[in-house]
Amino acid sequence: MIYILPLLSVILGYVMALILKPTNRKNLKLLLAFSGAFLLSLTVMHLLPEVYEASLHDHHGHDHDHSHNNPIGLYIMAGIIFQIILEYFSKGAEHGHVHGSGHNNEHDHSKMPWLLFISLCIHALLEGMPVSHHHGMAWGIAIHHFPIAIILTAFFINSGLNKTIVMLFMLVFAFMTPLGTLLSEQLHFIEHYFTEISAVVIGILFHISSTIIFESNEGHKFNLAKLLAIILGVIMAYFLQF
């Protein structure tokens with residue numbers, strides 16, 4: 001299930017974008033707000049406490065003081081900075097911010113956006129690594145990737161990319177998160193530094209989910225529907241069993 005959920009969410013988003021050809025950005029923004037709140041809540045309520053707890057008695061044989069010499073906060077900040085760097089190349093595609101970005105003239109529309117593709121794949125690969133130990137994160141990433149897949153597919157097709165290339169792009173993207181989970185389970189190096197890697201991913205998820213929540217409201221006006229979507233995301237994440 002932890003492999004299938006993130007995979008199916010991208011494929012389902014891709015298929016829905018092809019069939020429905022969504023034009024109502026308001027509904028997509030509500031879905032993004034829900035997914036951002038759900039992902040952020042999972043990270044704060046479940047993943048973050050467990051990673052800090054593991055870091056206090058890590059497998060390197062060190063016992064850290066509760067706040068003084070615990071480097072986890074540094075790894076989290078490194079994750080935030082790393083995500084900012086990734087977004088320089090992906091133009092914010094990880095949180096649905098792709099409309100018209102990355103293509104400044106008409107002749108570029110039909111070309112494969114390699115930098116966006118590579119940065120998105122790195123992002124999705126890293127997201128999958130904590131899932132091997134924290135199975136509930138599969139739900140958060142799946143719900144996060146679903147609207148992103150819809151937005152990305154619609155954007156690529158509207159940009160004039162070949163539909164076969166779009167399909168291959170989305171398939172590779174769909175497999176990256178399960179691949180990250182698999183590597184986390186199989187590679188000794190990743191297992192050995194699992195707590196540190198998870199902390200970096202927490203930083204990535206912090207940046208992504210908070211950006212989604214803030215960006216999903218245009219003009220910073222009060223939006224009751226968005227607020228309810230966020231509250232629903234928080235409540236569902238709270239009751240999800242890890």
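Visitor: At roughly what angle do the axes of H5 and helix H6 (residues 163-186) cross, and within what distance do they come?

Guide: Happy to show you, and please keep in mind that this is a predicted model. The axes of H5 and H6 cross at roughly 165° and come within 11 Å. Angles over 145 degrees count as roughly antiparallel, and that makes H5 roughly antiparallel to H6. The crossing of this pair is right-handed. On the H5 side, the residues that meet H6 are Ile-141, His-145, Ala-149, Leu-152, Thr-153, Phe-156 and Ile-157. Their partners in H6 are Lys-163, Val-166, Phe-169, Met-170, Phe-173 and Thr-177. Sorted by class, this contact holds nine nonpolar, three polar and one charged residues.

Now let us step back to H5 itself. Helix H5 covers residues 137-158, which is 22 residues. From its first C-alpha to its last it reaches 32 Å, close to the 32 Å expected at 1.5 Å a residue. Of those 22 residues, 18 are buried, so H5 is largely enclosed by the rest of the structure. After the helix comes Gly-160, with a positive phi near 90°.

Leaving aside residues up to four places away in sequence, Thr-153 touches Tyr-14, Ala-17, Leu-18, Val-166 and Met-170. Val-166 and Met-170 are also among the H6 residues in the helix contact described above.

H5 has another partner to visit, H4. The axes of H4 and H5 come within 13 Å and cross at roughly 170°, and the two helices are therefore roughly antiparallel to each other. From H4, the contact uses Leu-116, Leu-120, His-123, Ala-124, Glu-127 and Gly-128. From H5, it uses Ile-141, His-144, His-145, Leu-152 and Phe-156. The classes here are six nonpolar, four polar and one charged. Ile-141, His-145, Leu-152 and Phe-156 take part in the contact with H4, and these four residues also meet H6.

Helix H3 (residues 72-90) packs with helix H4 (residues 114-128) at an angle of about 150°, their axes 7 Å apart. H3 and H4 are therefore roughly antiparallel to each other, and their crossing is left-handed. H3 brings Phe-82, Gln-83, Leu-86, Phe-89 and Ser-90 to this contact. H4 answers with Leu-115, Leu-116, Ser-119, Ile-122, His-123 and Leu-126. Seven of the residues in the contact are nonpolar, four are polar and none is charged. Leu-116 and His-123 of H4 take part here, and both also belong to the contact with H5.

One more link brings us back to H5. Thr-43, in helix H2 (residues 25-56), touches Met-137 as well as Leu-48, Pro-49, Ile-202, Leu-205 and Phe-206, not counting residues up to four places away in sequence. Met-137 belongs to H5, whose residues are 137-158. With 0% relative accessibility, Thr-43 counts as buried. Thr-43 and Gly-203 lie 160 residues apart in sequence, with 9.5 Å between their C-alpha atoms in space.

Finally, here is the setting for these helices. The chain has nine helices and zero strands. Of its 242 residues, 51% count as buried. Among contacts with a separation of 6 or more, 82% join residues 24 or more positions apart.

How values were computed: Residues are numbered from 1 along each chain as its sequence is written. This is a predicted model: local features need pLDDT of at least 70, side-chain atom pairs count only at pLDDT 80 or more; totals for chains, interfaces and linings use all residues. Side-chain values use heavy atoms; hydrogens and water are left out. Axes are lines fitted to C-alpha atoms, for helices over the stretch in contact, and angles run from 0 to 180 degrees between N-to-C directions. Angles under 35 degrees count as roughly parallel, over 145 as roughly antiparallel, 65 to 115 as roughly perpendicular and the rest as oblique. A crossing is left-handed if the near helix is turned anticlockwise from the far one by less than a right angle, and right-handed if clockwise. Contact means heavy atoms within 4.5 Å. Ala, Val, Leu, Ile, Met, Phe, Trp, Tyr, Cys and Pro count as nonpolar, Asp, Glu, Lys and Arg as charged, and the others, Gly among them, as polar. The expected span of a helix is 1.5 Å times one less than its number of residues. Buried means under 20% relative accessible area, exposed over 50%, partly exposed in between (1.4 Å probe, protein chains only).
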